[in-house]
Amino acid sequence: MEEYNVKFNECPKPEPAAAPTHAGFPGCADDEDPPATAPPPSAAPAIRKPTVPRHMRRYSYVLQRYIPRPLLVANCKFDVRCYMLIAGTQPYVVLYHHGYVRRCTVPYSLDASDRTVHLTNQAVQRKCADYEDVKDDTVWSMSQLQDWMTTNWVNPVDGSRVAPDWVDKTLTKRIHHIMMFCFHSVRAKLNVQNGYFELLGFDFLIDEMLKVWLLEININPAMHTNCDVLSQVIPPLVEDTIDVVLEVVSKAKRGDNMLPLVHQRNFRLLYVEDKAR
């Protein structure tokens with residue numbers, strides 16, 4: 001990877017895109033229709049392709065544009081980890097589970113080379129010298145985020161403030177939309193068999209204008225409980241996941257209707273195939 005990065009960094013960089021993408025998806029910003037036609041090939045700058053070492057050519061990579069103006073909490077960067085559970089594939093049953101806020105402890109600077117400034121992962125943050133003293137502040141609950149937003153966020157354009165239920169209504173609704181977009185994009189490629197399930201960790205970034213960007217999807221999300229908030233979120237998540245998956249598998253074997261889900265608890269239903277109702 002180091003060899004690849006060196007060669008890639010030697011290549012001419014493309015000009016910034018004319019319009020930003022939203023939620024990590026190519027196309028358009030909020031409430032904006034995608035262009036009807038693409039620009040002619042001649043309009044694109046000539047960019048020499050990076051040289052990829054032969055032993056790495058069988059791999060695929062995703063390049064993401066860095067979001068330069070994230071929303072900051074106490075001058076520090078943060079993102080949101082939440083979960084999507086595909087509890088069954090015959091039929092499909094998809095649910096959402098709330099998560100938590102992952103915070104950096106070092107003030108944000110776009111030019112900083114320190115990884116702890118840019119990456120919120122616990123594996124990175126615990127490398128800070130004072131991590132043991134501040135570790136409980138590296139993870140917030142979603143209610144803590146709402147409290148901070150209600151008190152501190154002001155729209156820099158019109159001076160408006162967020163609603164007292166912004167996290168639970170506006171933010172969560174946008175996250176649900178993105179999750180379903182991702183699910184329907186790949187559902188035709190998923191292995192389908194009763195008993196198959198997957199708990200996915202979705203990471204989202206919020207920029208200073210409250211646009212929500214999908215950062216990545218983790219197929220093996222961390223289940224550490226080394227902070228107070230994590231110890232409140234992770235154990236119920238694991239228990240609820242096991243219970244709802246067992247219920248879905250059992251109902252599928254018997255041919256019963258999936259709804260209502262007795263063990264739904266803290267999950268919110270996103271999608272269930274019509275034949276499962």
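Student: Where is the place of N152?
Tutor: This is a predicted model. In it, N152 belongs to a helix running over residues 142-152. That element is helix 5.

Student: Is N152 buried, exposed or partly exposed?
Tutor: Buried needs under 20% relative accessible area, and exposed needs over 50%. N152 has 41%.

Student: How far apart in space are N152 and A74, C-alpha to C-alpha?
Tutor: In sequence, N152 and A74 are 78 residues apart. In space, C-alpha to C-alpha, the separation is 9.5 Å.

Student: Which residues of helix 5 are buried?
Tutor: The cut-off for buried is under 20% relative accessible area. In helix 5 the buried residues are M142, L145, Q146, W148 and M149.

Student: What arc do they cover around the axis of helix 5?
Tutor: The buried residues are M142, L145, Q146, W148 and M149. They sit on the same side of helix 5, because around the axis they cover an arc of only 165°.

Student: Which residues are exposed on the other side of helix 5?
Tutor: The buried set includes W148 and M149. Across the helix, the other side carries exposed residues. These are D147 and T151.

Student: Are helix 5 and helix 6 roughly parallel or roughly perpendicular to each other?
Tutor: Their axes come within 11 Å. The crossing angle is roughly 110°. The range 65 to 115 degrees counts as roughly perpendicular. Helix 5 and helix 6 are therefore roughly perpendicular.

Student: Which residues in helix 6 do M142, L145 and Q146 meet?
Tutor: M142, L145 and Q146 are buried residues of helix 5. Their partners in helix 6 are V167, D168 and L171.

Student: How do the residues of that contact divide into nonpolar, polar and charged?
Tutor: The contact of helix 5 with helix 6 takes in M142, L145 and Q146 from one side, and V167, D168 and L171 from the other. They divide into four nonpolar, one polar and one charged.

Student: What is phi of A74?
Tutor: Most residues other than glycine have a negative phi. A74 lies in the loop between strand 1 and strand 2, where it is exposed at 52% relative accessible area. A74 is not a glycine, yet its phi is positive, about 55°.

Student: What is phi of N75?
Tutor: N75 is in the loop between strand 1 and strand 2. With 55% relative accessibility, N75 counts as exposed. N75 is not a glycine, but its phi is positive, near 70°.

Student: What is omega of the peptide bond that joins Q90 and P91?
Tutor: Most peptide bonds are trans. P91 lies in the loop between strand 2 and strand 3. The bond between Q90 and P91 is cis, with omega about 5°.

Student: Is the peptide bond from L259 to P260 cis or trans?
Tutor: P260 lies in the loop between helix 7 (228-254) and strand 7 (267-272). Omega from L259 to P260 is near 0°. The bond is cis.

Student: Leaving aside neighbours within four places in sequence, which residues is P260 in contact with?
Tutor: P260 counts as exposed, at 65% relative accessibility. Beyond those neighbours, its contacts are E247 and K251.

Methods:
Residues numbered from 1 in each chain as written. Predicted model: local features only at pLDDT ≥ 70, side-chain atom pairs only at ≥ 80, totals over all residues. Heavy atoms only, no water. Axes fitted to C-alpha atoms, helices over the stretch in contact; angles between N-to-C directions. Helix = DSSP H or I, 4+ residues; strand = E, 2+ residues; numbered from the N terminus. Parallel < 35°, antiparallel > 145°, perpendicular 65-115°, else oblique. Contact = heavy atoms within 4.5 Å. Nonpolar A, V, L, I, M, F, W, Y, C, P; charged D, E, K, R; others polar. Buried < 20%, exposed > 50% of the residue type's maximum accessible area, 1.4 Å probe, protein only. Arc of directions from axis to C-beta.
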